[in-house]
Amino acid sequence: MTALPAPRTPDPMAAPALDWGVLGTGWIAERFIASVRRHTRQRFTAVASRNAARAEEFAARHGITRGYGSYEELVAAADVDVVYVATEHTAHLACARLALEAGKHVLVEKPLGLNAAQGAEIAELAASRGLFCAEALWTFFLPRFDVVRQVLDSGMLGEVWSVLADLGEYFDPAGGHRIRRGTWCSARPEGALH
């Protein structure tokens with residue numbers, strides 16, 4: 001191999017357009033919606049929050065048809081094909097469970113669960129119902145990772161014995177991100193939605 005291979009990732013614009021519902025109205029939900037709209041043909045039809053006014057305001061600001069004041073209402077909506085779980089980490093299991101039990105495909109923001117047991121529970125529930133469920137680990141699907149996979153598979157680098165990687169994100173102390181406040185994790189019991 002004398003040059004890097006081309007990525008084999010499919011064109012995201014070629015994927016069939018589905019109707020998405022979003023559980024949660026925070027920063028990550030805004031980023032997700034903006035990115036999906038910029039790079040795909042997917043549609044957002046509903047958003048839910050535990051606060052109806054917040055859901056309606058978010059929906060209006062992002063051009064989403066409906067805002068619901070409960071997660072249960074959103075997963076029951078007939079025009080939602082896929083649910084994106086953008087709630088706080090402690091609610092991921094309960095929200096994924098709620099959507100899967102309603103027969104919806106699910107994309108759960110990182111982390112899929114708080115531990116391996118929660119992740120396994122979500123995966124088993126999705127499989128038992130014949131539904132798609134994944135963790136929103138978007139970086140894994142970037143074209144560059146397919147190029148790296150091809151390079152490793154080709155043997156171009158020889159046998160790889162060790163990889164040292166430094167991954168992280170800087171949060172400006174003055175930026176106001178919840179991670180700097182130390183209060184991002186709610187005290188609700190595991191599985192609680194309200």
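What follows is a chat about the strands, cores and aromatic rings of a predicted model.

User: How many helices and strands does the protein chain have?
Analyst: In this predicted model, the secondary structure of the protein chain comes to seven helices and six strands. Read along the sequence, the pattern of the protein chain is β-α-β-α-β-α-β-α-β-α-β-α-α.

User: And what does the C-alpha trace span along its principal axes?
Analyst: The C-alpha trace of the protein chain spans about 55 × 40 × 35 Å along those axes. The protein chain has 194 residues, and buried residues make up 37% of them.

User: OK, strand β1 next. How many of its residues are buried?
Analyst: Five of the five residues of β1, which covers residues 19-23, are buried, so this strand is largely enclosed by the rest of the structure.

User: Which residues sit on which side of β1?
Analyst: On one side are D19, G21 and L23, and on the other are W20 and V22, and with all of these buried, both faces of β1 are covered. As background, side chains in a regular strand alternate between the two faces of the sheet.

User: Which way do β1 and β2 pair, and over how many bridges?
Analyst: Strand β1 and strand β2, which is made of residues 43-48, pair in the parallel sense over five bridges. Within this pairing, L23 stands opposite A48 in β2. Between the two strands the chain passes through helix α1, residues 27-39, and this β-α-β crossover is right-handed.

User: What about β1 and strand β4, how do they pair?
Analyst: Those two strands also pair in the parallel sense, over four bridges, with β4 covering residues 82-85. In β4, V83 is the residue opposite G21, while Y84 is the residue opposite V22.

User: Are the faces of β4 covered or exposed, and by the way, which residues are on each?
Analyst: Both faces of β4 are covered, with V82 and Y84 on one side, V83 and V85 on the other, and all four residues buried.

User: How many bridges join β4 to β5?
Analyst: Four bridges join β4 to β5, and these strands run parallel. Here Y84 stands opposite L107 in β5. Together, β4, α4 and β5 make a right-handed β-α-β unit.

User: Changing topic: which residues touch the most other members of the largest nonpolar core?
Analyst: That core has 25 residues, and those touching the most other members are L23, L74, V83, V85, L100 and V106. At least two residues of this core come from each of β2, α3 (71-76), β4, α4 (92-101), β5 (105-108) and α5 (116-129). The element that gives the most to this core is α4, with six residues.

User: What does V85 touch?
Analyst: Leaving out residues up to four places away in sequence, V85 touches L23, H92, C95, A96, V106, L107, V108 and E109.

User: Now the rings. How many aromatic pairs are there in the whole structure?
Analyst: A search of the whole structure finds four aromatic pairs. In one of them, W20 and F44, the ring centres are 6.3 Å apart and the planes are at 45°, so this pair is tilted. The pair links distant parts of the chain, with W20 in strand β1 and F44 in strand β2, 24 residues apart. Both W20 and F44 are buried.

User: Why is the pair of F32 and Y84 called stacked?
Analyst: The planes of the rings of F32 and Y84 are at 15°, with the centres 3.7 Å apart, so the pair is stacked, since planes under 30 degrees apart count as stacked. This pair also links distant parts of the chain, as F32 is in helix α1 and Y84 is in strand β4, 52 residues apart.

User: Are F32 and Y84 buried or exposed?
Analyst: F32 has 15% relative accessibility and counts as buried, because buried means under 20%. Y84 counts as buried too, at 0% relative accessibility.

User: Which residues do the ring pairs link into a cluster?
Analyst: The ring pairs link W20, F32, F44 and Y84 into a cluster.

Technical notes:
Residues numbered from 1 in each chain as written. Predicted model: local features only at pLDDT ≥ 70, side-chain atom pairs only at ≥ 80, totals over all residues. Heavy atoms only, no water. Buried < 20%, exposed > 50% of the residue type's maximum accessible area, 1.4 Å probe, protein only. Pairing = 2+ DSSP bridges. Right-handed = clockwise from strand over helix to strand, strands pointing away. Core = buried A, V, L, I, M, F, W, Y, C linked by side-chain atoms within 4.5 Å. Contact = heavy atoms within 4.5 Å. Phe/Tyr/Trp six-rings, centres within 6.5 Å; stacked < 30°, edge-to-face > 60°.
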